[in-house]
Amino acid sequence: MDNIKVLSPTAILGYGFPISSFEAGMAKLPDCIAVDAGSTDPGPYYLGAGLSFTDRYAVKRDLSIMIQAGIEHHIPVLIGSAGGSGAQPHLKWNLEIIEEIIQEQHLHIKLAVISADVSKERALFALSRGELKPLHPAPEATEADITEASHIVGQMGVEPFIEALKEGADVILAGRSYDPSMFAALAIHRGFDPGIALHCGKILECAAIASTPGSGSDCMLGTIYADRFVLETLNPARRCTTLSVSAHTLYEKTNPYILPGPGGTLDLHQTQFTQLNDQQVEVKGTVFMPSDPYTVKLEAAKCVGYRTVSIAGVRDPFFIQALDEILNGVKQRVHDNFKELDYHLNFKIYGKNGVMGELEPISEIHSHELGIVIDAVAKTQDIANTVCSFARSTMLHYGYTGRIATAGNLAFPYSPSDAKMGEVYQFCLYHIIDVQDPLELFPIEWRVY
Amino acid sequence: MVKLLDLAKVIRSKNSGPYELTLDIILKDEESYRLLIEKQCITKDVIAKLYRIPVEDVINVIHFEPAHAIKATIVRPMCSGDLNETDVYGAQQHAPLLQLEFDL
């Protein structure tokens with residue numbers, strides 16, 4: 001076989017795809033179907049709380065089409081970063097969806113479930129040996145970061161996927177994965193160059209985002225050859241151009257020439273992008289440089305409290321003029337009343353610097369109205385409720401300089417005015433560790449249906 | 001004065017992992033790309049001044065020829081999702097770049 005064709009149906013499992021594009025992809029007789037389900041983009045909550053940021057119904061829709069097609073064509077279906085963050089509860093959530101599909105479609109399959117959870121003992125061991133290194137600009141980890149983490153995951157490379165492919169998996173459901181792994185695994189397993197395969201995976205993981213007009217909800221096909229790969233769109237409304245493909249290499253990366261991953265780095269200094277026709281772009285020259293020792297990136301999140309927010313608007317020009325005085329006054333009042341409580345109170349002022357915070361270059365505002373989010377975080381939901389409620393009522397009736405409207409300072413769009421947001425998580429590990437064996441952290445469990 | 005907005009077709013910001021914010025400027029053509037590099041229009045100093053951060057917090061400025069792009073990455077004011085966060089995805093931090101203009 002002189003090439004491996006990989007069908008990437010969608011940028012994130014659950015984001016969907018047109019059936020016509022998927023069928024056009026299947027008509028090209030791909031060797032596998034692969035999908036990335038995850039990201040740290042939505043923030044620490046989903047990893048910390050063990051919940052998916054994608055919708056269950058939407059994930060089931062995508063997966064039922066992919067698995068059915070995979071079984072029909074006798075090609076493997078690879079899913080990475082299950083449930084978005086790829087920890088144990090995410091894996092279990094996604095496994096239940098797959099089991100429903102298996103039952104409903106009366107399928108008989110061999111399923112490999114690869115977990116990516118890293119035990120606290122393992123992380124503490126690495127910390128004690130100085131082998132837990134922060135990825136700049138993340139800070140050094142402390143013991144508490146590890147012991148307080150609700151979930152620690154490692155990003156797996158291609159090796160665990162290859163192991164599962166060797167054993168004949170029809171479907172591979174994996175926890176947290178380096179995004180390109182599931183797209184590159186089959187090609188690397190069959191002896192293709194890892195630099196070519198991984199770079200192809202790097203682009204395929206976002207599916208049609210690398211085409212123009214870009215979309216996270218449409219399919220893309222990658223064909224991996226000995227010394228190059230070709231990307232093509234599967235929807236006549238989209239084109240792959242050298243610019244759309246190379247621009248995607250920039251996306252969410254610090255340095256597009258050097259892309260570090262598990263066990264090594266992709267070097268793009270010699271990479272060339274060539275337009276073959278409207279639908280296809282050829283890429284060659286990317287080199288994979290293995291690292292010694294093999295490193296794996298860890299991610300973890302810990303619960304730091306509970307949040308209550310109140311959303312309000314302001315239309316009074318004198319309030320807007322006196323804003324800083326009011327905010328400081330309210331903070332002071334809350335402090336005076338609840339000195340004994342441990343809490344974090346902040347105000348987001350939309351119309352001023354609600355989006356950019358301290359990075360906002362514009363200091364003088366001319367907004368005729370402002371949006372205010374009163375944001376209280378504390379060790380318990382009750383304390384957060386107390387602080388938010390007190391700050392809200394104080395701001396509502398605050399007597400500021402030049403006040404002319406004495407009935408109330410805030411416009412509340414909702415009753416109740418305060419909303420309990422539940423647990424607040426923080427990323428606490430973004431580190432790499434050395435491993436002896438790329439499979440070490442990623443055990444495979446087999447299920448036959 | 002020439003506005004960056006007139007030379008670029010994409011100006012965007014996004015997290016690069018939870019600790020970094022990366023700013024992409026994709027120019028309309030090779031000529032604009034070369035001109036901005038030659039005249040050193042986008043440098044660590046320019047980005048630091050624009051975002052009012054110490055120049056050490058600008059991790060790099062990279063010229064990426066295949067996409068006619070200039071890319072700057074800065075240290076996020078805080079780790080994504082920390083208390084006081086305003087933009088979890090980092091997708092709305094590009095606006096100051098829209099104001100850039102150069103004497104070319």
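# Reading salt bridges, cores and cavities

Analyst: We can begin with one side chain of this predicted model: B:Glu30 has a relative accessible area of 38% and is therefore partly exposed, since that class lies between the cut-offs of 20% and 50%.

User: Which residue forms a salt bridge with B:Glu30, and how far apart are the closest N and O atoms?

Analyst: The general idea is that side chains of opposite charge can pair when their charged atoms come close. Here the partner is B:Arg34, with the closest N and O atoms 3.0 Å apart, and B:Arg34 is likewise classed as partly exposed, at 37% relative accessibility. An α-helix has 3.6 residues a turn, so residues three or four places apart point the same way. In this case B:Glu30 and B:Arg34 are four residues apart in helix H2 (residues 30-38) of chain B, which is about one turn of the helix.

User: How many salt bridges does a search of the whole structure find, and which residues are joined into one network by salt bridges that share partners?

Analyst: The search returns 31 salt bridges over all chains, and the network brings together A:Arg56, A:Lys60, A:Glu100 and A:Glu104.

User: Are A:Glu299 and A:Arg176 buried or exposed, and where in the chain do they lie?

Analyst: Both residues are buried, and their side chains meet in a salt bridge of 2.8 Å, taken from N to O. The pair links distant parts of the chain, with A:Glu299 in strand E15 and A:Arg176 in the loop between strand E7 (171-174) and H8 of chain A, 123 residues apart. For another setting, consider A:Asp227 and A:Arg228, whose side chains meet at 3.5 Å, N to O; A:Asp227 is partly exposed at 42% relative accessible area, and A:Arg228 is also partly exposed, at 24%.

User: Which residues line the largest cavity?

Analyst: A:Glu299 and A:Arg176 return here, for the lining includes both of them, along with A:Ser39, A:Thr40, A:Gly43, A:Leu47, A:Gly84, A:Ser85, A:Val153 and A:Phe427. This cavity holds about 50 Å³ of space, and its lining comprises three nonpolar, five polar and two charged residues.

User: How many residues line the largest pocket, and which are closest to its centre?

Analyst: The largest pocket contains about 1100 Å³ of space. Its lining has 50 residues, and those closest to the centre come from both chains, namely A:Glu252, A:Lys297, A:Tyr430, B:Ser16 and B:Gly17. By class, the lining divides into 22 nonpolar, 16 polar and 12 charged residues. A:Glu252, which lies just after helix H10 of chain A, takes a positive phi of about 60°, while H10 itself (residues 242-250) is mostly covered, with seven of its nine residues buried.

User: How many residues has the largest nonpolar core, and which have the most contacts inside it?

Analyst: In soluble globular proteins, nonpolar side chains tend to be buried together. The largest core in this model has 63 residues, and A:Leu78, A:Ile152, A:Ile172 and A:Ile224 have the most contacts inside it. Helix H8 (residues 181-189) of chain A supplies the largest share of this core, seven residues. Apart from this core lies another, of 33 residues, among them A:Ala37, A:Ala69, A:Ile97 and A:Val171. If neighbours within four places in sequence are left aside, the contacts of A:Leu78 include A:Ile33, A:Val35, A:Phe161, A:Leu165, A:Ile172, A:Met182 and A:Ala185.

Terms used:
Residues numbered from 1 in each chain as written. Chains lettered and ligands numbered in written order. Predicted model: local features only at pLDDT ≥ 70, side-chain atom pairs only at ≥ 80, totals over all residues. Heavy atoms only, no water. Core = buried A, V, L, I, M, F, W, Y, C linked by side-chain atoms within 4.5 Å. Buried < 20%, exposed > 50% of the residue type's maximum accessible area, 1.4 Å probe, protein only. Helix = DSSP H or I, 4+ residues; strand = E, 2+ residues; numbered from the N terminus. Contact = heavy atoms within 4.5 Å. 1 Å grid on protein atoms, 1.4 Å probe; cavity = no way out; pocket = protein on both sides within 12 Å on 5 of 7 lines; lining within 4 Å. Points joined across faces, edges and corners; volume = space filled by probe spheres on them. Nonpolar A, V, L, I, M, F, W, Y, C, P; charged D, E, K, R; others polar. Salt bridge = Lys/Arg side-chain N within 4 Å of Asp/Glu carboxyl O.
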